[in-house]
Amino acid sequence: MNYTTKVVQVTNVSPSTTSEQMRTLFGFLGTIEELKLFPPDDSQMPVTSRVCFVKFQEPESVGVSQHLTNTVFVDRALIVVPFAEVKKAKAAPSLMAESGPLPANRGL
């Protein structure tokens with residue numbers, strides 16, 4: 001299957017899992033360009049589950065990584081799905097920069 005994305009979303013990640021553990025697990029499936037774990041490792045916020053986004057160098061790694069769905073990692077069964085990348089648009093004029101008071105009603 002051809003994938004247009006290089007990113008997977010991993011949900012149901014154990015709160016005790018670190019980003020280094022996720023990097024090790026998914027590193028076996030392909031070269032990782034970027035990995036983000038939410039909330040981050042240094043967060044003091046109590047959580048019941050975490051979410052991880054993994055960006056691979058090759059889109060083929062997305063298909064392979066989906067085979068980890070339902071694999072128990074630490075103490076949870078992971079859910080791995082492709083995640084659509086959002087392309088950054090060219091800088092458009094900001095609506096806030098152009099904002100200000102609305103023009104007065106001048107009648108019809």
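1. The secondary structure of the protein comes to two helices and six strands, and from the N terminus on these elements follow the order β-α-β-β-α-β-β-β. Helices (H or I, at least four residues) and strands (E, at least two) are DSSP runs, numbered from the N terminus. The model is a predicted one, in which local features need pLDDT of at least 70 and side-chain atom pairs count only at pLDDT 80 or more, while totals for chains, interfaces and linings use all residues. Residues are numbered from 1 along each chain as its sequence is written, and side-chain values use heavy atoms, with hydrogens and water left out.

2. Of the 108 residues of the protein, 24% count as buried, where buried stands for under 20% relative accessible area, exposed for over 50%, and partly exposed for values in between (1.4 Å probe, protein chains only). Among the contacts with a separation of 6 or more, residues 24 or more positions apart account for 68%; a contact here is a pair with heavy atoms within 4.5 Å.

3. Four strands form an open sheet in the order 2-3-1-6, and the pairing is antiparallel. Strand 2 (32-38) and strand 6 (79-83) stand at the edges with a single partner strand each, so one side of each is left without a neighbour in the sheet. From one strand to the next, the twist averages 20°. Two strands are taken to pair if DSSP finds at least two bridges between them. In the case of strand 1 (residues 7-13) and strand 3 (residues 50-56), which run antiparallel, five bridges join the two, and V7 stands opposite K55 in strand 3.

4. Helix 1 (residues 19-27) lies across strand 1, strand 2, strand 3 and strand 6, and runs at about 140° to strand 2. For such angles, axes are lines fitted to C-alpha atoms, for helices over the stretch in contact, and the angles run from 0 to 180 degrees between N-to-C directions.

5. Which residues does T17 touch, not counting residues up to four places away in sequence? T17 has its place in the loop between strand 1 and helix 1, where the residue is buried with a relative accessible area of 1%. Its contacts are M22, L37, D41, R50, F73 and V74, with residues up to four places away in sequence not counted.

6. L37, found in strand 2, counts as buried at 7% relative accessibility. With residues up to four places away in sequence again left out, L37 touches V13, T17, T18, S19, R50, V51 and C52. L37 and S19 are 18 residues apart in sequence, yet 6.0 Å apart in space, C-alpha to C-alpha.

7. C52 has its place in strand 3 and is buried, with a relative accessible area of 0%. Leaving aside neighbours within four places in sequence, C52 is in contact with V8, Q9, V10, V13, M22, L35, K36 and L37. For the pair C52 and L35, which are 17 residues apart along the chain, the C-alpha atoms are separated by 7.1 Å.

8. The largest pocket holds about 200 Å³ of space and is lined by 12 residues, of which V7, E34, K36, F53 and K55 lie nearest its centre. Grid points are joined across faces, edges and corners, and the volume is the space filled by probe spheres set on the points. Strand 2 gives the most to the lining of the largest pocket, with four residues. By class, this lining has eight nonpolar, no polar and four charged residues, with Ala, Val, Leu, Ile, Met, Phe, Trp, Tyr, Cys and Pro counted as nonpolar, Asp, Glu, Lys and Arg as charged, and the others, Gly among them, as polar.

9. Some backbone details deserve a check. A cis peptide bond joins F38 and P39, with omega about -15°, and P39 is found in the loop between strand 2 and strand 3. N12, a residue other than glycine, has a positive phi near 65°; N12 lies in strand 1 and is partly exposed, with a relative accessible area of 27%. N70 has a positive phi of about 75° although it is not a glycine; N70 lies in the loop between helix 2 (60-65) and strand 4 (72-73), and counts as exposed at 59% relative accessibility.

Definitions and conventions
On a 1 Å grid over the protein atoms alone, a cavity is a set of points where a 1.4 Å probe fits but cannot get out, and a pocket is an open set with protein on both sides within 12 Å along at least five of seven lines; lining residues have an atom within 4 Å of a point.
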